[in-house]
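Here's a quick briefing to read with the model open next to you. Have a look at the fold before you dig into the details.

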Amino acid sequence: MNQRYAGSTIKGFLYQFEKTLNEILTNIHQEDTIITVEGIEDIDLFANGHQDFIQCKYHEKQEKFQTSIIEKPIIQMLHHWCHTNQENPIRYKLFCYFTDKNENDSFCISVDEIKYFVNKDTPEKLQLYKEDIKKHLLHNKSIVNDFCARSTIEFGLALDNLREKNIEILKQLDFTLDTIDDIVHPNALFLIHKLAINKNIDDRKISVKKFLFELKQLDKVLLWKYTKYLSNYKQILTKKRKFLHDNLNSNQRARYFVFDNESFDDYANSLIIFIKEYLDKFQYKNSKLHISNNSIPTFILFNDYNCFKAIYLGLKSKNINSNIGFTFDIEEWTEKEFFKNAVINLQQGTIDFRIRLLYIDEKLMIDRIPVLHNHVPDDLFLINTKYLSDVDLIGCNKEILNINNINELKYVLNMVKDYD
């Protein structure tokens, strides 16, 4: 297993995403099928008048399957059954991976086992579910029997094998074959994750038809939150590097970079070094200053003011002057001052400021967003940050770059030949 699969929690998320994708691809010819990500269960499937509620569990390190391991999801599903309209055509599925089980193995848990779960002592939160179930059993003794008739435990492939299965199905669809591994498949998982983090449950629903339409619109490599944990991560990074190559070769593009203090370890120091190396790479040609006012890069920093000041002074110590839009008091910041033209003398190789450095915190967000709409860049690079990810600037190429470290960032931006 690739070392970048960082622990059982990450694998659990990826397994859920892969299973969700598999359900979508399995229903490819039923375009009106509706998938809800993180609905009643991990995956809610509405197709042909049936409602399937699917919960995923990935147990790669568990040596042997035991029914006691699935007590919690079974109780959660039974609790939902107690509170739903039992006239509806509902089915519950617990989709699991255990090393000692084969794909397509399945069984129905017995009434006696479920009653044992309900009556045994458990941690407080699960016990609250059980107490509520017992109250329903007083009025309807057939609840458990009916639930058992509608529920199955199914066993699936290991994570990497499920991924390969999905890729094989994608290859049968209308996608360019050489983009499946590095673009189409990771972007499909990205769309599923994007649905999962929506607050409103209605925004977590999508039809198979709409999902495939949106997937076909994503024609470039996305380095999103979980890309770094995929087994072909280095291959994806290389594809992204090639994609950005021509863009970065243009010295007339206005570029904004967005960071926050969680973007990297040793954030301030790493950022100062990165900015200097970026300027050395892209502001000079044959050791001569090669810049215009349009292409002066803007670095947007979401962090506390003291950290911002330390970065500003650190850059200044390296002879990198920054236009920050104010002099001494952050309250004096003005749009006009921040976006004023630099005084450039190409013959003498001098410029009064080499970058724009924009300070933003939660309080300033409302005031600064309209400013960005007034000064739309050609490229907006979001580096390991959630900030501005939901801001769409008309005519701007937005690149989400969630990567492991500053060396990988320099590799993707064609600043170094390799990052190992």
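Predicted model: local features only at pLDDT ≥ 70, side-chain atom pairs only at ≥ 80, totals over all residues.

The protein chain has 14 helices and 17 strands, and its C-alpha trace spans about 90 × 45 × 40 Å along the principal axes. Of the 420 residues in the chain, 51% are buried. If you look at contacts with a separation of 6 or more, 70% come from residues 24 or more positions apart.

**Helix packing around α7**

- Start with helix α1 (residues 7-26) and helix α7 (residues 180-196): their axes come within 10 Å and cross at roughly 100 degrees. That makes α1 roughly perpendicular to α7.
- On the α1 side, the residues in this contact are F17, E18, T20 and L21, and they meet H185, A188, L189, I192 and H193 of α7.
- Sorted by class, the contact of α1 with α7 has five nonpolar, three polar and one charged residues.
- Helix α7 also meets α9, with axes that come within 9 Å and cross at roughly 100 degrees. So α7 is roughly perpendicular to α9.
- Here α7 brings D181, D182 and P186, while α9 brings Q235, I236 and K239.

**F17 and its aromatic partners**

- There are 36 aromatic pairs in the structure, and one of them is F17 with W224, a tilted pair at 6.3 Å centre to centre with 50 degrees between the planes.
- F17 sits in helix α1 and W224 in the loop between α8 (208-217) and α9 (233-249), so this pair ties together parts that are 207 residues apart in sequence.
- Both F17 and W224 are buried.
- F17 also pairs with Y226, this time edge-to-face, at 5.7 Å centre to centre and 70 degrees between the planes.
- Y226 is in the loop between α8 and α9 and F17 is in helix α1, so here the pair ties together parts 209 residues apart in sequence.
- Y226 is buried, as is F17.

**Other ring features**

- Eight names to highlight together: F257, F259, F264, F274, Y278, F282, F299 and F381 form one aromatic cluster.
- Which residue lies over the face of W333? It's R368, at 3.8 Å from the ring centre.
- K386 lies over the face of Y387, at 5.6 Å from the ring centre.

**Positive phi outside glycine**

- N48 isn't a glycine, yet its phi is positive, at about 55 degrees.
- You'll find N48 in the loop between β2 (43-47) and β3 (50-59). Buried or exposed, which is N48? N48 is exposed, with a relative accessible area of 65%.
- D266 is another non-glycine residue with a positive phi, near 50 degrees.
- D266 is in the loop between β8 (255-260) and α10 (267-282). With a relative accessible area of 51%, D266 counts as exposed, because the cut-off for exposed is over 50%.

Methods: Residues numbered from 1 in each chain as written. Heavy atoms only, no water. Axes fitted to C-alpha atoms, helices over the stretch in contact; angles between N-to-C directions. Helix = DSSP H or I, 4+ residues; strand = E, 2+ residues; numbered from the N terminus. Parallel < 35°, antiparallel > 145°, perpendicular 65-115°, else oblique. Contact = heavy atoms within 4.5 Å. Nonpolar A, V, L, I, M, F, W, Y, C, P; charged D, E, K, R; others polar. Phe/Tyr/Trp six-rings, centres within 6.5 Å; stacked < 30°, edge-to-face > 60°. Buried < 20%, exposed > 50% of the residue type's maximum accessible area, 1.4 Å probe, protein only. Lys NZ or Arg CZ within 6 Å of the ring centre and 35° of its normal.
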